[in-house]
Amino acid sequence: MTSSVPRLVVAAPSSGSGKTTVATGLMAAFAARGLAVSPHKVGPDYIDPGYHTLATGRVGRNLDAYLCGPDLVGPLFAHGARGCDLAVVEGVMGLYDGAAGEGELASTAHVARLLGAPVVLVVDASSQSRSVAALVHGFASWDPRVRVGGVILNKVASDRHEELLREALESSGVPVFGVLRRVPQVDTPSRHLGLVPVAERRAAAVDAVAAMAAQVSAGCDLQALLELARGARAVPGAAWDAAEAVAGAVAAGTPPRPGGPPPRTPDASPSGTSGAPVVAVAAGAAFTFSYAEHTELLAAAGATVVPFDPLRDERLPDGTAGLVVGGGFPEVYAAELSANEPLREAVAALAASGAPVAAECAGLLYLCRELDGLPMCGVLDAGGRMSERLTLGYRDAVAVHDSVLAAAGTRMRGHEFHRTVVEPGAGAAPAWGVRTPGPRVEGFVQRGVHASYLHTHWASEPGVARRFVERCRTS
């Protein structure tokens with residue numbers, strides 16, 4: 001089975017060139033033409049996919065060759081793009097920038113090769129004219145396995161500037177698919193971890209996406225870009241499927257039965273019937289960082305997944321047997337989270353009962369005793385605070401203790417992205433041993449709680465979801 005969905009990868013020489021504006025604008029412009037557009041983002045970023053979702057009406061999905069491994073990039077792409085007319089993949093950083101010290105691994109170029117997709121290079125032309133040809137030639141010729149199919153020139157100052165740029169690029173052999181001028185209303189606000197998520201500014205985000213679509217439609221040759229996308233190489237292999245992934249995995253760290261298949265997941269119906277455990281998943285403006293595959297895996301493992309908003313809801317969903325609190329911006333909403341005392345008490349009571357609780361980054365902070373001096377849930381005897389220092393990067397980790405997510409010794413790859421500090425950084429039973437930076441231990445395992453700064457992608461280890469749901473059934 002192969003995926004032949006037409007696709008483009010939107011890349012750039014460096015961050016700040018306008019990838020998000022162009023990629024989101026293309027998604028919205030093609031969707032407005034009646035195409036079913038599948039949105040994707042290279043790397044671990046959670047925020048850009050929110051804008052992609054707004055542009056296309058489909059869930060934005062990440063393609064991360066470090067967190068999930070190169071072999072899963074194609075299947076996860078095919079899963080997200082199933083039934084679509086076109087896929088647009090926004091790159092990360094510069095085209096050839098990958099995981100630190102790992103060569104091309106997880107770079108946009110790496111993912112483009114794995115997808116057999118042509119690359120459209122977005123170039124910030126604001127401070128150059130003829131030199132643009134040398135820049136584009138270098139990126140197009142650096143790796144012959146990466147096909148740079150064309151260029152979109154961004155931040156062009158005037159008609160004369162455009163003329164000079166086009167003249168310079170005529171000799172490069174790389175076609176120009178579009179020219180975009182500076183349009184202030186397309187800008188989206190940022191803060192300490194990047195763009196402000198859609199959930200925090202939905203009305204303004206809708207307007208921004210519409211402006212991106214209008215600018216891209218006016219400045220780019222959409223038909224030529226669609227023809228380029230149709231020339232993408234077919235991606236071999238079957239599409240990823242959550243039910244198949246769970247059925248083929250034992251609970252993380254649990255050895256299979258000798259001579260037999262993994263034990264069947266009891267009542268794998270996601271409908272919530274026949275006693276399927278309820279897994280509450282934090283959502284809303286304070287907790288926007290999540291991968292769509294996590295809830296799909298939980299449902300495939302037999303859970304009924306129910307979202308709730310810790311900023312608004314004063315109690316957990318009825319029948320909650322397990323809790324997942326992902327990443328986001330609790331530091332921005334610390335006062336509101338603290339003021340919701342009934343929910344904080346409910347979370348503390350659930351954790352005290354031994355029920356499974358999985359918390360990542362923002363979730364870790366929410367479970368702490370306090371955050372910037374404001375009371376939080378008090379599940380962990382630790383305090384969180386904002387920091388001037390950005391902690392950012394991929395991590396190679398191993399589970400130090402048995403937990404509701406994994407048995408000791410289970411290896412997973414993760415990603416850290418925060419400007420906060422939790423003290424102490426690890427409990428008496430740490431969650432992970434991290435190789436770099438380090439070696440060090442990190443996070444907390446106590447009773448049914450697994451809390452850590454590390455964001456992980458469960459598609460790389462579907463046994464995590466299976467183990468968590470099994471613990472929900474038995475706790």
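A salt bridge here is a side-chain nitrogen of Lys or Arg within 4 Å of a carboxyl oxygen of Asp or Glu. The model is predicted. A search of the whole structure turns up 21 salt bridges.

Start with Arg 145 and Asp 143. Their side chains form a salt bridge, 3.0 Å from N to O. Arg 145 counts as exposed, at 53% relative accessibility. Asp 143 is buried, at 9%.

Next, go to helix α8 (residues 222-230). Glu 227 and Arg 230 both sit in this helix, 3 residues apart, about one turn. A salt bridge of 2.8 Å, N to O, joins their side chains. Glu 227 is partly exposed at 42%, and Arg 230 is partly exposed at 48%.

Arg 435 pairs with Asp 396, with the closest N and O atoms 3.7 Å apart. This pair links distant parts of the chain, 39 residues apart. Arg 435 lies in the loop between β20 (432-434) and β21 (440-442), while Asp 396 belongs to strand β18 (residues 383-399). Arg 435 is partly exposed at 44%; Asp 396 is buried at 11%. Elsewhere, shared partners join Glu 104, Arg 113, Asp 143 and Arg 145 into one network of salt bridges.

Asp 48 is in helix α2 (residues 48-56). Its relative accessible area is 7%, so Asp 48 is buried. Its side chain makes a 3.3 Å polar contact with that of Thr 20.

Now the second largest pocket. It holds about 950 Å³ of space. Its lining has 44 residues, with Phe 287, Thr 288, Phe 289, Ser 290 and Tyr 291 nearest the centre. Helix α10 (residues 292-300) gives the largest share, 5 residues. By type, the lining has 26 nonpolar, 14 polar and 4 charged residues.

Definitions and conventions:
Residues numbered from 1 in each chain as written. Predicted model: local features only at pLDDT ≥ 70, side-chain atom pairs only at ≥ 80, totals over all residues. Heavy atoms only, no water. 1 Å grid on protein atoms, 1.4 Å probe; cavity = no way out; pocket = protein on both sides within 12 Å on 5 of 7 lines; lining within 4 Å. Points joined across faces, edges and corners; volume = space filled by probe spheres on them. Helix = DSSP H or I, 4+ residues; strand = E, 2+ residues; numbered from the N terminus. Nonpolar A, V, L, I, M, F, W, Y, C, P; charged D, E, K, R; others polar. Buried < 20%, exposed > 50% of the residue type's maximum accessible area, 1.4 Å probe, protein only. Polar contact = N/O pair within 3.5 Å; in protein donor to acceptor, adjacent residues only side chain to side chain.
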